[in-house]
Amino acid sequence: MALEKITAVTGRAVCVPGNDIDTDRIIPARFMKCVTFDGLGEFLFHDVRKKADGTDQAHPLNDPRFRGATILLSGANFGCGSSREHAPQAIQKHGFRAVVAESFAEIFFGNCTTLGIPCAAAARADIARLAAALEADPALPVTLDVAAGEIRFGGQSIRAEVRPAARDALIHGRWDAIGELLEGLPAVQALAARTPYLAA
Amino acid sequence: MAKSLFEKVWAAHAVRTLANGQTQLLIGTHLIHEVTSPQAFGMLRDLGLKVAMPHRTFATVDHIVPTDQLVEPYRDPLAQAMMEELRRNCAESGITFFDRATGKQGIVHIVGPEQGITQPGTTIACGDSHTSTHGAFGAVAFGIGTTQIRDVLATQTMALGKLKVRRINVRGSLRPGVYAKDVILHIIRVLGVNGGTGYAYEYGGEVFDRFSMEERMTVCNMSIEGGARAGYVNPDQTTFDYLRGRPYSPQGAAWEAAVERWCGFASDPGCPYDDVVNIDAADIAPTVTWGINPGQGIAITESIPDPARATAADERASIEEALAYMKLRPGAAIKGTRIDVAFIGSCTNGRLSDFREVARHVRGRRVAPGVKAIAVPGSQIVALQCEKEGIDQVLRDAGFEWRAAGCSMCLAMNPDKLVGDQLCASSSNRNFKGRQGSPTGRTLLMSPLMVAAAAVTGSVADAREVFAVHS
Ligand code: SF4
């Protein structure tokens, strides 16, 4: 299966500040009642974007200046909590193509990579610098160069690295493992036949 | 060379190394449920693929089932749709489905062990973060995302980087009134909610040697809350005694051979670990969370942290955020905090021994006025056994609602939800903002007996005092 080689993501960016933003915050569990992921984007960060009566409250994703952003910035341990893929799916369906944060929760990172969403880690001060530049000019074009491990914006650049295994998978178009796993099926069947609890 | 269980199980299931350096790992047992699998079956259809090993795939329904309604259609049409989708997918692919009509339905992490599907030395995957529960049997069990569910359905394998192993010894004896739940809340508090990133946790020491399987499951269940992708206990006689005679356990001559094989998977004495942590059991107290992640816990005798006394700016900010959400006063005792709801259940603490322990102590007591208390067995089999022993009646007499098996108030996908900013004493595993169904609902995690103590006194209490638990 030929997959897109994701070497860079260019677009506008928005910062959702905070550490330990968990998957329940990203997509509250009650929106997981679905049999397909279509339509999840609408509920991204729902409970912090909406008041109890369903009207908007102040949140970067409600700010018209940042509408159409494709790069999401945040703090440390982004995506902690559940293994639910609804969280990266909601992020992707909302229109984001990359996430930049101080650090990421393990399962979330893996789930994002498998969807072709680069998760790049950057230093807190650098994220703050980029966020300040965006505050000054929300339309500022931002490029996450996955291959080079940096973000370029308005003549500046900061380090933003995707971990090597994920980076290589993204830039070589191998971020979705299914093709390679299928190729291994004969070896899988052979191993299963030799494994007592599976052979029986 | 001496090897850990993780090393041995990994080696026994490694198919090959992939181009990105990850391992194609054979998954012996794939458990699925209604929430995370339908999209994966959809992806499979889109790709024109079939389920590779339907006989190694087992399904149950847990997250969305109403615990107060048994007849379908469910009041929530979306829940009904998910139910039917799972039924259809299982029927089409020839997958065993422990549907409600089988009498074997329950939370996936309770059903697997109960049926004897969860076995030592095996690999298990499930689209649910608490899959680490199955590690209690010396299995290596991973919570996975939907795309990986697709991979496992299509190939019975997934691509994974090898984890490091941290051995956590809990030495000595637990004090009376201290439970497995307190052990894991303590571990997470000590090592942090991200402390386990990149690791599998191997739990051991005298406390684990003495623990029952159900207690081991409670601890392994919450490994993920400490950031560890998997957690396990080496298999021993306790494990084998639990498994003997279960529906999917090996029978007859195959049993002896299996036990011998299982013993061989246990970590070799003196095997190297990437890290070792020692915890003195006597340091562990009944623990309660006060914040919005499971690492924000304190002993019942301690006070709620004061951000003003935090040493790092980060810590201060996270305490402030948590207290603002929890509406708790810094520096105040956690004991005495009024509660609105008491929930006993979930894949962490919804097993027979949990309800037995609670019933033993609440017999003859009453839930405090104004407190809504619900007890939800983790499976139909747990429910039946509790009913045989009269546990349901003891709880009902005390003023608890006794419900049908499911995830219930552990998360907000079925009708059991907090309302407004209700404060819930909960035996579940997550206290994230909004976790229990109301965007402003508040959760305090604790052991089932501590929940019972809060239920009968109407506020967070020390179960040792309330129920006169003495040494
Ligand atoms: S009981 Fe809670 S944590 Fe366990 S599987 Fe159900 S929702 Fe998940």
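Into which domains is chain B divided? In this predicted model, chain B consists of domain 1 (5-163 + 233-267) and domain 2 (287-466). Domain 1 is written as two segments, 5-163 and 233-267. Taken over C-alpha atoms, the centres of domain 1 of chain B and domain 2 of chain B are separated by 28 Å.

The contact between the two domains was examined next. On one side, 25 residues of domain 1 of chain B take part. They are in contact with 23 residues of domain 2 of chain B. The size of an interface is often given as the accessible area lost when the parts come together. Between domain 1 and domain 2 of chain B, the buried area is about 1900 Å². Carbon and sulfur atoms give 59% of that area. On the side of domain 1 of chain B that touches domain 2 of chain B, the residues divide into 7 nonpolar, 11 polar and 7 charged. Across this interface of domain 1 and domain 2 of chain B, the rule finds 0 salt bridges. Polar contacts are present, with 15 residue pairs found between the two domains of chain B (both residues at pLDDT 80 or more).

Both domains also contribute to the ligand shell. Domain 1 and domain 2 of chain B each supply at least three residues of the shell around the ligand. Four histidine, aspartate and cysteine positions can be named to begin with: the surrounding residues include B:His63, B:His109, B:Asp128 and B:Cys347. B:His130, B:Ser346, B:Cys407 and B:Cys410 also surround the ligand. By class, the shell around the ligand divides into 5 nonpolar, 5 polar and 2 charged residues.

Chain B also meets chain A. Here 64 residues of chain B are in contact with 49 residues of chain A. The area buried between the two chains is about 4600 Å². Carbon and sulfur atoms give 60% of the area between chain B and chain A. The rule finds 4 salt bridges across the interface of chain B and chain A. One salt bridge joins the side chains of A:Arg124 and B:Asp314, at 3.1 Å from N to O. Between chain B and chain A, 11 residue pairs are in polar contact (both at pLDDT 80 or more).

Several elements of chain B build the side that touches chain A. Those that each supply at least two residues include the helices α1 (5-13), α2 (38-47), α3 (77-93), α5 (146-155) and α11 (313-326). The strands β1 (14-17), β2 (23-26) and β8 (157-160) of chain B are also among them. The largest share, 7 residues, comes from α5(B). The residues of the side of chain B that touches chain A divide into 27 nonpolar, 23 polar and 14 charged.

Two backbone features lie in loops of chain B. A cis peptide bond joins B:Glu72 and B:Pro73, with omega about 0 degrees. B:Pro73 lies in the loop between β4 (57-60) and α3 of chain B. B:Gln156 is a residue other than glycine with a positive phi, near 60 degrees. This residue, B:Gln156, lies in the loop between α5 and β8 of chain B.

Terms used. Residues numbered from 1 in each chain as written. Chains lettered and ligands numbered in written order. Predicted model: local features only at pLDDT ≥ 70, side-chain atom pairs only at ≥ 80, totals over all residues. Heavy atoms only, no water. Near = heavy atom within 4 Å. Nonpolar A, V, L, I, M, F, W, Y, C, P; charged D, E, K, R; others polar. Domains from an automatic or database assignment. Contact = heavy atoms within 4.5 Å. Buried area = accessible area lost by both parts, 1.4 Å probe. Polar contact = N/O pair within 3.5 Å; in protein donor to acceptor, adjacent residues only side chain to side chain. Helix = DSSP H or I, 4+ residues; strand = E, 2+ residues; numbered from the N terminus.
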